Amino acid sequence: MEKLIITAAICGAEVTKEHNPAVPYTVEEIAEEAYSAYKAGASIIHLHVREDDGTPTQKKERYEECMKAIRKKCPDVIIQPSTGGSVGMTSAERLEPVELKPEMATLDCGTLNFGGDEVFVNTENMIKEFGKKMIDMGVKPEVEVFDKSMIDMAIRLSKKGFIKEPIHFSFVMGVNGGISGELRDFLFLKESLPCGSTYSVAGMGKFEFTLAVASIISGGHVRVGFEDNIYLAKGVLAKNNGELVEKVVRLAKEFGRDVATPTEARKILGLN
């Protein structure tokens, strides 16, 4: 079995300090949270950025500032900006960090009802636009799927040349409006992947660690972090992202799975 790649989604666009005071906003806080995750065993930092007051932003200048600060503390970590941004942002806004030519960036492959009147829009033409931009910039997409139909969309668009193969998928499970975080649904997504793909699993809230175990024992990879879950255990707030990563490392050891370094993660994902 390949070594386990751990991704840390350190802040997201929705979670706030009101939920957990350790959620990072400033450049310094973001760099420190990235470092806590990296020290614990994360090879990839999945990155959203904020203004100092916590407002989500996709400005490439802010991304560049945060990425430089992270690299000072974690020289070899893989930094994976989000192109999801936050609900209501335009395609142009969401794509700004891709201009920085990171090794990876996320590519969402479908529209999702987040709840209430919030709709996370990703039309087919938007997905094509994002995919082509990443190819042009030499950025490997992590294809984020919130339901099985999004896997089908990615496969179809890869055949049309908008997503390069082999595809690396991220199952984002347990989000309102998307597929649940049950083991049945994880297996459904896993068995729907094209041959040669790699995958990581991000379970929201209570699903984070049960899905981590499912992915560890089935050969997949794992994402944890404040974007997805702020608790180390029921009712116990995590002090930092590193604590969440440390828990995954302990689980991996229990099941005999070694954890990948950033160099090893690059080889597994074909980033070299």
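1. Aromatic cluster. In this predicted model, Phe114, Phe120 and Phe146 come together as one aromatic cluster, and the structure as a whole holds five aromatic pairs.

2. What the pair connects. Phe120 belongs to strand 8 (residues 118-120), whereas Phe146 is found in the loop between strand 9 (140-145) and helix 5 (148-159), so the contact ties together parts that are 26 residues apart in sequence. Phe120 is buried, with a relative accessible area of 6%, and Phe146 is likewise buried, at 5%.

3. A further edge-to-face pair. Phe171 and Phe186 also form an aromatic pair, which is edge-to-face with 6.2 Å from centre to centre and 65° between the planes. This pair links distant parts of the chain, with Phe171 in strand 10 (residues 168-173) and Phe186 in helix 6 (residues 183-190), 15 residues apart. Phe171 is buried, with a relative accessible area of 0%, and Phe186 counts as buried at 1% relative accessibility.

4. Strands 10 and 11. Strand 10, which holds Phe171, pairs with strand 11 in the parallel sense over six bridges, and the bridge partner of Phe169 in strand 11 is Tyr199.

5. Burial of strand 11. Strand 11 (residues 198-203) is mostly covered, since six of its six residues are buried. In a regular strand the side chains alternate between the two faces of the sheet. Here Thr198, Ser200 and Ala202 point one way, while Tyr199, Val201 and Gly203 point the other way, and all of these residues are buried.

6. Strands 11 and 12. Strand 11 is also joined to strand 12 (residues 221-224) by three bridges, and these strands run parallel; the bridge partner of Ser200 in strand 12 is His221. The chain goes from strand 11 through helix 7 (residues 208-218) to strand 12, and this β-α-β crossover is right-handed.

7. Charges over rings. Two lysine–tyrosine contacts may also be noted. The charged end of Lys17 sits over the ring of Tyr25, at 4.9 Å from the centre of that ring, and the charged end of Lys73 sits over the ring of Tyr35, at 5.3 Å from the ring centre.

How values were computed: Residues are numbered from 1 along each chain as its sequence is written. This is a predicted model: local features need pLDDT of at least 70, side-chain atom pairs count only at pLDDT 80 or more; totals for chains, interfaces and linings use all residues. Side-chain values use heavy atoms; hydrogens and water are left out. Rings of Phe, Tyr and Trp (its six-membered ring) pair if their centres lie within 6.5 Å; planes under 30 degrees apart count as stacked, over 60 as edge-to-face and the rest as tilted. Helices (H or I, at least four residues) and strands (E, at least two) are DSSP runs, numbered from the N terminus. Buried means under 20% relative accessible area, exposed over 50%, partly exposed in between (1.4 Å probe, protein chains only). A charge sits over a ring if NZ of Lys or CZ of Arg is within 6 Å of the ring centre and within 35 degrees of the ring normal. Two strands pair if DSSP finds at least two bridges between them. A crossover is right-handed if, with the strands pointing away from the viewer, the path from the first strand over the helix to the second runs clockwise.
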